[in-house]
Amino acid sequence: PDIPEDEMKELENKIELEELIVQEEKRISSIEETKKSLPVFQFRDELLRSVGKYQVLIVVGETGSGKTTQLPQYLYEAGYGKHGKMIGCTQPRRVAAVSVAARVADEVGTRVGDKVGYSIRFDEKSSENTVIKYMTDGMLVREFLTDHDLAKYSVMIIDEAHERTLQTDILLGLFKNLLKKRPDFKLIISSATINAKKFSDYFDSAPIFNVPGRRYPVEIFYTQQPEANYLSAAIITVFQIHMSQKSSGDILVFLTGQDEIETMAENLAETCKKLEGQIKEMVICPIYANLPPEQQKRIFEPTPKNARKVVISTNIAETSLTIDGIVYVIDCGFVKENVYNATTGMESLEVLPCSKASADQRAGRAGRVGPGKCFRLYTKWVYLNDLPRNPTPEILRTDLTGVVLLMMTLGITDLVHFDFMDKPSTKTLVKALELLYALGALNERGELTNVGIKMAMFPTKPMLSKSLLASSELKCCDEVLSIVSMLEDTGSLFVNSKEKKEMAKNAHASFHSKIGGDHLTLLQIWDKFAESGFSPQWCHDNFLQYKVLQKARSVKKQLQRICRRLGLLSDGPHESEREPNTTALRVMKAITAGYFSQSARLSPRGDTYTTLSRKQPVLIHPSSTLHGAVPPVKLIVYHELVMTTKEFMRHVMPVQGKWLAEYGRNYFDKKDLL
Ligand code: ADP
Ligand code: MG
């Protein structure tokens, strides 16, 4: 039949629309089905009744039972999001906050930042419409600064409480006070493992709600001999599973950090390419804190038929993220952690054996969809005798300077008597107070100064905040902002190309600063990046990670905003344009103003360094521009320590003794500086 064209169009549109509706209905019904299949669903009403009845509730359940994604939705459906109040849920890890928010937004049928939002350091997606907000525990601690009573929230879920991160522990203490002030407020503490009793005791015998999960048996395999290199052992194990196990089923590998994960991902990809056609397809998905969100999503995409997914993760996949379809787990048996020595005041990142509890959690990830297998890259003897039973709460193994400053700002001055779940040592608290005094954040009487109040406004460590404040006085705020933004943990900036090794090396060397070490090298990179118009091509040509610089750019913008608000940054022409000759020196002084306590002197033999205040041996990290400098730099400050075979200083800058004497006058003894 001859249908007129416009009628035809209309008909087509109608069919298209109908198809869309059918698709949407399908999507919704599949979401509904998934939601109903989760173990928590059967306890929905009982849970809500308990929340109504008690002010504090401890919820315990297996990973994957639906605590993180479902609880906030139940609370929302029950009306906790009414009267302009929000439902909050904290996560110890940034990746988890972002990824869970995306998932829940999808389930609720909204965009991230609308009804469901998230807030992590240097990245916030929420609006007036937001009723369910996921955030890192650290961000919630900061919210206390502007909203003492958390008036915006009707209920807060402290999720993954068993992780016992520093910020979660601080939150628990802050909530203990808040609950008395706000009888209408509800607190839910959610935890994966069985140490729930401790939380209950802490909150005056709060009731524990158990969500029984389903779990299939997991067969455990150990290596016969200790593995000299767990990375290569992991790679070999992946291929052994991939080629010998006929059935489908994805693999989850636990390693300790981004570098390892990327190395392994590259290696797997290369080998797969060589074996193309001879083996089944492998979908390789790395996951770690600094991975951009688009790539994070990939780990949740269904595995194509006839392929096998290999997820390579830090301990984030231990309990924070649930990936369906995992049948095989490979566990390296290690974890990267902060280690703090209160005697020396030195904090460093170390790779250490993980706890038995962690190893068991990791193994458990293989038994969610059916019986699974876990390959431990260590011996049974090590598991039984060498691994500590439980992880140490972070508050007992970290520097507390930042936390002490925040708590003082919140009016908590008597830290020694604060009701911590696990009390940090007095030594650690005293160290923090001493450094805050030396930085000028506290006065002789231990009271917060104006400088301290300003420092607390920055979401950065106190030493970095102090450098920013000093840079304003030294008229180099913009420059120090660039450096600070690049020093914030944004990932590895330098691309090490295997094929073009020389070219990459030369490109990187062209940025080296002769006088200012790594800090001014970063500044040179920033300036050239800005000159290029923030061009991805420029980064590519210079063997630099575009996404790292892009992230630094966003960090800088946000720190800039705080500086403007505090009146630290003038809008006029850059100060450096007026006095270009002394810029480098002024920048270095500003960095010293924050980092004098992390200084080291070349030993008389000229091969190692010792820290100024505690006389500890340290070395310059091989990645530093000052590594192997001729002649070696005599006096330096460092940004951080990493412990591998020895204590290495990463990001190092030369300093002058008189700067240390000036900025560290309340820190050093006279003899330290001789
Ligand atoms: P719990 O917090 O109890 O460990 P979750 O609420 O995180 O459990 O997860 C419940 C289920 O939701 C998981 O089994 C998984 O299928 C699904 N899920 C969670 N996050 C995502 C995501 N980002 N993408 C897809 N599915 C997800
Ligand atoms: Mg969870």
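The legends below describe close-up views of a predicted model.

**View 1. The shell around ligand 1.**
Ligand 1 is surrounded by 17 residues, the closest being Lys67, Thr68, Thr69, Arg103 and Phe300. Helix H3 (67-77) and helix H4 (94-108) are the elements that give two or more residues to this shell. By residue class, the shell around ligand 1 holds ten polar, four nonpolar and three charged residues.

**View 2. The open sheet of eight strands.**
The strands follow the order E4-E3-E5-E2-E6-E7-E1-E8, and their pairing is mixed. Strand E4 (123-125) and strand E8 (208-211) are the edge strands, each pairing on one side only. From one strand to the next, the twist averages 20°.

Strand E3 (residues 116-120) pairs with E4 in the antiparallel sense, over three bridges. Within this pairing, Ile120 has Asp123 in E4 as its bridge partner.

**View 4**
E1 and E8 run parallel and are joined by four bridges. Opposite Val60 stands Asn210 in E8. Asn210 belongs, with Ile208, to the uncovered face of E8, whereas Phe209 and Val211 make up the covered face.

H4 lies across E2, E3 and E5, and runs at about 170° to E3. The sheet in this view has mixed pairing and the strand order E4-E3-E5-E2-E6-E7-E1-E8; its twist averages 20° from one strand to the next. H3 packs on this sheet and touches strand E1 (56-61), strand E2 (86-91), strand E5 (132-136), strand E6 (153-158) and strand E7 (186-191). The direction of H3 makes about 165° with that of E2.

**View 3. The crossing of helices H17 and H24.**
Helix H17 (residues 462-473) and helix H24 (residues 583-595) have axes that come within 7 Å and cross at roughly 140°. This crossing is right-handed. On the H17 side, the contact is formed by Met463, Leu464, Lys466, Ser467, Ala470 and Ser471. These residues meet Ala590, Ile591, Ala593, Gly594 and Tyr595 in H24. The contact of H17 with H24 comprises seven nonpolar residues, three polar and one charged.

Note on methods: Residues are numbered from 1 along each chain as its sequence is written. Chains are lettered from A and ligands numbered from 1 in the order in which they are written. This is a predicted model: local features need pLDDT of at least 70, side-chain atom pairs count only at pLDDT 80 or more; totals for chains, interfaces and linings use all residues. A residue is near a molecule or strand if its C-beta atom, placed from the backbone, lies within 6 Å of it. Ala, Val, Leu, Ile, Met, Phe, Trp, Tyr, Cys and Pro count as nonpolar, Asp, Glu, Lys and Arg as charged, and the others, Gly among them, as polar. Two strands pair if DSSP finds at least two bridges between them. Axes are lines fitted to C-alpha atoms, for helices over the stretch in contact, and angles run from 0 to 180 degrees between N-to-C directions. Two residues are in contact if their C-beta atoms, placed from the backbone, lie within 7 Å. A crossing is left-handed if the near helix is turned anticlockwise from the far one by less than a right angle, and right-handed if clockwise. A residue is buried if 20 or more other C-beta atoms lie within 10 Å of its own, exposed if 12 or fewer, and partly exposed in between; C-beta atoms are placed from the backbone.
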